[in-house]
Amino acid sequence: MTRITTIVTQKGGVGKTTTALALAEGLRRRGCSVLLIDCDQQQNSTRSMRADPELGGVYEAMKGAKAAELIQHTQRGDILAASDALIGSDGEFAGKLDALEAATRPLLKTYDHIIVDTPPSICAVTLTAIAASTDLIIPIEAAFFSMQGLEQLLYYLDQIRSSTAYDPKIAGLLFTKYNNRKTLAQQYRAALDQRAADLGLYVYKTEIRSSAAVEKAQALTEGLFEYDPRSTTAKDYLAVIEEYLAQETH
């Protein structure tokens, strides 16, 4: 069964796109067939994968075009790209929760994993990605506003469950840009662990530490593991991928 994992967060700047790119790259390096879908109008994943946003992609697929014909096969892997057509498209997809699910359905026999990058907000396009997913990974920073954004996201997910036939599953909460030397970060980690335990949510044991390798790799449009597999961030994402894959056996 294809695993469709959406990387979603209510707050920007917490490593959402970095997580989507690293997860897709790491899974490919393990021999998995992987498709990355960029639903973010900022197109960061698209450009990092050296794809051409002018060739169309996820917007056209959600409007009914054949997704398989829109996939770009780049040196860094397969991607259904974002484009400027996503800008202001919320009105077109409002109330159409099944738009991305319908677009990806014909691809399920082709890929082991589909990773979806989303905008840093709960908009109509994000909701279609959530509805298409088998599970969600929620990046979170050890900071007050990031924690507050998590509560807002959990509220939206509850609203989806109560008002539609969809039941979004959370694979786990992932600490990003983590500094384990800061007492405050450790306190937020402990608070989140307790909150997650109360809600029955999984928190990935590995925190993602920051390193210069991430920005340098993205500036060169190279994969993190391609650019510096020995960086702390690369090692952390490899450990998270092990946790992520282990979840499939439970």
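User: Leaving out residues up to four places away in sequence, which residues does Ala-24 touch?

Analyst: This is a predicted model in which local features need pLDDT of at least 70 and side-chain atom pairs count only at pLDDT 80 or more, while totals for chains, interfaces and linings use all residues. Residues are numbered from 1 along each chain as its sequence is written, and side-chain values use heavy atoms, leaving out hydrogens and water. Ala-24 is found in helix H1, where helices (H or I, at least four residues) and strands (E, at least two) are DSSP runs numbered from the N terminus. With contact meaning heavy atoms within 4.5 Å, Ala-24 touches Val-34, Leu-36 and Ile-115.

User: Is Ala-24 buried or exposed?

Analyst: Buried means under 20% relative accessible area, exposed over 50% and partly exposed in between (1.4 Å probe, protein chains only). The relative accessible area of Ala-24 is 0%, so this residue is buried.

User: How far apart in space are Ala-24 and Val-116?

Analyst: Along the sequence, 92 residues separate Ala-24 from Val-116. From C-alpha to C-alpha, their distance in space is 9.4 Å.

User: At what angle do the axes of H1 and H12 cross?

Analyst: H1 covers residues 16–29 and H12 covers residues 232–246, and their axes come within 10 Å. Among the residues that meet there are Ala-22 and Leu-23 from H1, with Tyr-237 and Ile-241 from H12. The axes of H1 and H12 cross at roughly 70°.

User: Which residues of H9 are buried?

Analyst: Helix H9 takes in residues 183–199, 17 residues in total. On the face turned away from the buried side sit the exposed residues Thr-183, Ala-197 and Asp-198. The buried ones are Ala-185, Tyr-188, Arg-189, Leu-192 and Ala-196.

User: What relative accessibility does Arg-189 have?

Analyst: Arg-189 has its place in helix H9. Its contacts, beyond residues up to four places away in sequence, include Phe-175, Tyr-204 and Glu-207. Arg-189 counts as buried because its relative accessibility is 11%.

User: Which residue just after H9 takes a positive phi?

Analyst: Helix H9 ends at residue 199. Just after H9, a positive phi of about 75° is taken by Gly-200.

Definitions and conventions: Expected span 1.5 Å × (residues − 1). Axes fitted to C-alpha atoms, helices over the stretch in contact; angles between N-to-C directions.
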